[in-house]
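Please look over the sequence and the model before reading the points below.

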Amino acid sequence: FGADEALSVDLPYSRRAFSVPDNLYVIGTMNTADRSLSMIDTALRRRFDFIEMMPKISLLENKQVRGVKLDELLRLINARIEALYDREHTLGHAFFMPVVSAVDTDDEGAAWQELKAVFKNKILPLLEEYFFEDWGKIRLVLGDHKKSRKHQFVQEDNGSNNLRFLFGNEYKNNNYNDSLSIYHCNYKALESIEFYLGIIDIDNKDKIINEESDVPLVKSTDME
C-alpha cells in the first residue's frame with residue numbers, strides 16, 4: 001500500500017479492497033531438514049530473503065550439570081551428526097534451554113532431571129529417526145563404543161553364542177554373518193552421570209573447533 005508498484009485484491013466475500021502496508025514484515029520459520037518441504041523451500045527462496053539459524057552453542061557456555069559442560073556436549077553431538085549425516089540435521093540449542101533455566105536458578109537437582117528428560121524424550125527419539133534405527137551410528141554419536149557397558153545406552157551383542165541360541169548350532173552352514181549384531185536400549189544408563197560424561201570424553205578434543213562458523217567441526221582426516 002502506498003508504493004509505486006502496489007497491488008490490491010478484492011476479498012471474496014465482502015468484495016472490499018485489501019492491500020498490505022509497506023511497513024509490514026513477514027517472518028516465517030521452517031525446518032530445512034524436512035525434505036518433504038524441498039519444493040516449497042525452493043519456491044520460497046526465489047521470493048524471500050533467507051537467514052540461516054544454526055545452533056547457538058554460545059548460549060550454553062559456562063553451564064554445567066554435575067560436571068557435564070552443556071556447550072561441549074552439544075558441540076560434540078553435532079560434530080558427529082554432521083560427520084555421519086549432514087549439518088542440516090544438527091541439534092538446536094533450544095533442547096537444552098530448560099536445563100539452562102534450571103542451572104541459572106542454582107537448582108542442580110532440577111537441572112539433572114531436565115537433562116535426563118531432554119535425552120530420553122527429545123534427543124534419543126530424534127537420533128532414531130535421523131538414522132532410521134541404524135544403532136551402530138547412534139552408538140557413535142553417543143560415544144557408547146568407548147563407554148563401559150553399563151553406561152552405554154545402545155548396547156551391542158555380537159557373540160557367536162547369541163547367534164547359536166537364535167539360529168541353532170548349524171547356522172554357519174547357511175552362510176550367516178558371524179558379525180551379526182543385536183542391539184538393546186539401556187534406559188538405566190540415562191540415570192548415570194557417566195553416560196553424559198562419556199559422550200564428551202573422547203581423544204583429541206582439542207581438534208574440535210570451539211567457534212561457531214561454517215568450518216567443518218571435524219577434519220575429514222580425523223575420521224579415517
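The structure is a predicted model. The protein has 7 helices and 6 strands, and 30% of its 224 residues are buried.

**Overall make-up**

- Starting at the N terminus, the elements follow the order β-β-α-β-β-α-α-α-α-β-α-β-α.
- Among contacts in the protein with a separation of 6 or more, 58% are between residues 24 or more positions apart.

**Aromatic pairs**

- The whole structure contains 8 aromatic pairs.
- One of these is the edge-to-face pair of W112 and Y196, with 5.5 Å from centre to centre and 80 degrees between the planes.
- This pair links distant parts of the chain, since W112 belongs to helix α4 (residues 108-130) and Y196 to helix α7 (residues 193-200), 84 residues apart.
- W112 counts as buried because its relative accessibility is 5%, and Y196 is buried with a relative accessible area of 0%.
- Y196 also forms an edge-to-face pair with F195, in which the centres are 4.8 Å apart and the planes stand at 85 degrees.
- F195 is likewise buried, its relative accessible area being 0%.
- Ring pairs join F96, W112, F119, F195 and Y196 into a cluster.

**Salt bridges**

- The structure holds 5 salt bridges, and three of them are described here, beginning with the one between R87 and E52, whose closest N and O atoms are 2.9 Å apart.
- R87 is partly exposed, with a relative accessible area of 28%, and E52 is partly exposed at 49%.
- D104 and K63 form another salt bridge, with 2.6 Å between the closest N and O atoms.
- Distant parts of the chain are linked by this pair: D104 is in helix α3 and K63 is in the loop between α1 and β3, 41 residues apart.
- D104 counts as partly exposed at 47% relative accessibility, whereas K63 counts as buried at 19%.
- K116 forms a salt bridge with E191, and the closest N and O atoms are 2.8 Å apart.
- Because K116 lies in helix α4 and E191 in the loop between β6 (182-185) and α7, the pair ties together parts that are 75 residues apart in sequence.
- K116 counts as buried at 10% relative accessibility, whereas E191 counts as exposed at 52%.

- K147 is located in the loop between α5 (135-142) and β5 (154-157).
- This lysine, K147, is buried, with a relative accessible area of 10%.
- The side chains of K147 and D144 are joined by a polar contact of 3.0 Å.
- A polar atom of the K147 side chain also lies 3.0 Å from the backbone oxygen of L142.
- With neighbours within four places in sequence left aside, K147 is in contact with L142, Q152, F195, G198 and I199.
- One of these contact residues, F195, is also a member of the aromatic cluster.

Terms used:
Residues are numbered from 1 along each chain as its sequence is written. This is a predicted model: local features need pLDDT of at least 70, side-chain atom pairs count only at pLDDT 80 or more; totals for chains, interfaces and linings use all residues. Side-chain values use heavy atoms; hydrogens and water are left out. Helices (H or I, at least four residues) and strands (E, at least two) are DSSP runs, numbered from the N terminus. Buried means under 20% relative accessible area, exposed over 50%, partly exposed in between (1.4 Å probe, protein chains only). A polar contact is a pair of N or O atoms within 3.5 Å; within protein, one must be able to donate a hydrogen and the other to accept it, and residues adjacent in sequence count only if both atoms are side-chain atoms. Contact means heavy atoms within 4.5 Å. Rings of Phe, Tyr and Trp (its six-membered ring) pair if their centres lie within 6.5 Å; planes under 30 degrees apart count as stacked, over 60 as edge-to-face and the rest as tilted. A salt bridge is a side-chain nitrogen of Lys or Arg within 4 Å of a carboxyl oxygen of Asp or Glu.
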